[in-house]
Amino acid sequence: MIRDLLGPPMAAVDLFDDPDGVMLFPEEEEHIARAVDKRRKEFTTGRHCARTALAELGFPPVPLLPGPKREPTWPEGVVGSITHCKGYRAAAVGRKSEVWTVGIDAEPNEPTPDGVLEAIAVPGELARMGELRAAGDKVAWDRLLFSAKEAVYKAWFPLARTWLGFEDAEVAINPDDGTFTARILVEPPVVDGVALDGFTGRWLAREGFVVTAIAVPAR
Ligand SMILES: CC(C)(COP(=O)(O)OP(=O)(O)OC[C@H]1O[C@@H](n2cnc3c(N)ncnc32)[C@H](O)[C@@H]1OP(=O)(O)O)[C@@H](O)C(=O)NCCC(=O)NCCS
């Protein structure tokens, strides 16, 4: 599925289960040593997807340790993103020379629990929810909004290196063409001479999941 959202120059890999026999590097083992089984599995398969995607770009397998804010640390010259939810794992990577940043997210295609939409949506997003719901009931639009906002954070963080709350970006989902845009509502940091003031991304709803992806080409 993730490949339908991110084509070349990105490499993207997803899996619907956790294959047996996947090895972690010792330093990754050490990181995950005290985790419960669910966490160990998502971490391990996420790394497996990431290393498979890196191999497609010609990069050898290396440890991919979490940084100080849980962000995955990539080899020199690489940008990437990892997501996992029950029954789905994915990773996407690109060469820094070709891709500025990437953020991916997957969620079950099910409505969010009561109160979540109100907690994560800004007024403009809440106002558009009715229009989205009128476009069809095969997509849990509130969950898709949540996913798109998490993809925004994952694309934002490696560049900005700062927190971005759910109230700090406004996402507009296009129900017809599988795209969305995100407008950053806080003073945008300037990174590599460019104001980080928004993103465009793509989404799909399939196989019981909503998946969102942002990949910004390098300038
Ligand atoms: C970090 C966050 C986005 C992860 O999303 P999630 O739905 O909980 O979990 P997912 O499985 O999709 O993603 C987890 C992966 O995100 C990646 N990740 C975690 N922190 C990250 C960060 N700061 N920057 C980039 N990627 C990050 C990691 O690879 C992690 O997997 P791993 O720990 O196995 O390596 C979420 O927990 C969070 O903190 N959200 C609040 C910030 C936010 O979304 N703001 C919205 C702005 S509009």
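# A tour by strand, ligand and ring

Select β1 and strand β3 (residues 88–95): five bridges join them, and they run antiparallel. Strands here are DSSP runs (E, at least two residues), helices are DSSP runs too (H or I, at least four), and both are numbered from the N terminus. Two strands pair if DSSP finds at least two bridges between them.

Before moving on, note that this is a predicted model, in which local features need pLDDT of at least 70 and side-chain atom pairs count only at pLDDT 80 or more, while totals for chains, interfaces and linings use all residues. Residues are numbered from 1 along each chain as its sequence is written, and side-chain values use heavy atoms, with hydrogens and water left out.

Stop 1: Pick A11. Its bridge partner in β3 is V93. The three strands make an open sheet in the order β1-β3-β2, paired antiparallel. β1 (11–15) and β2 (78–85) are the edge strands, each pairing on one side only. From one strand to the next the twist averages 10°, taken between N-to-C directions of axes fitted to C-alpha atoms, on a scale from 0 to 180 degrees.

Stop 2: Select strand β4 (residues 99–108). Nine of its 10 residues are buried, meaning under 20% relative accessible area with a 1.4 Å probe, protein chains only.

**Stop 3: the ligand.** Show the 22 residues around the ligand; R39, R47, T83, H84 and E150 come nearest. "Around" means a heavy atom within 4 Å. Then look at the polar contacts (pairs of N or O atoms within 3.5 Å):

- R47: a side-chain N or O atom is 2.5 Å from a ligand oxygen.
- D105: a side-chain N or O atom is 2.9 Å from a ligand oxygen.
- K69: a backbone N or O atom lies 3.1 Å from a ligand nitrogen.

How much of the ligand does the protein bury? Taken alone, the ligand exposes 920 Å², and the protein buries 90% of that.

**Stop 4: the rings.** The whole structure holds seven aromatic pairs, with ring centres within 6.5 Å. Select W141 and W203. This pair is edge-to-face, 5.5 Å centre to centre with 75° between the planes; edge-to-face requires over 60 degrees, stacked is under 30, and the rest are tilted. W141 sits in helix α6 (residues 141–160) and W203 in strand β9 (residues 198–206), 62 residues apart. Both W141 and W203 are buried. Finish with F16, Y88 and F209, which ring pairs link into a cluster.

Methods
Buried < 20%, exposed > 50% of the residue type's maximum accessible area, 1.4 Å probe, protein only. Polar contact = N/O pair within 3.5 Å; in protein donor to acceptor, adjacent residues only side chain to side chain. Areas by Shrake-Rupley, 256 points an atom, 1.4 Å probe, with all protein chains shown as cover. Phe/Tyr/Trp six-rings, centres within 6.5 Å; stacked < 30°, edge-to-face > 60°.
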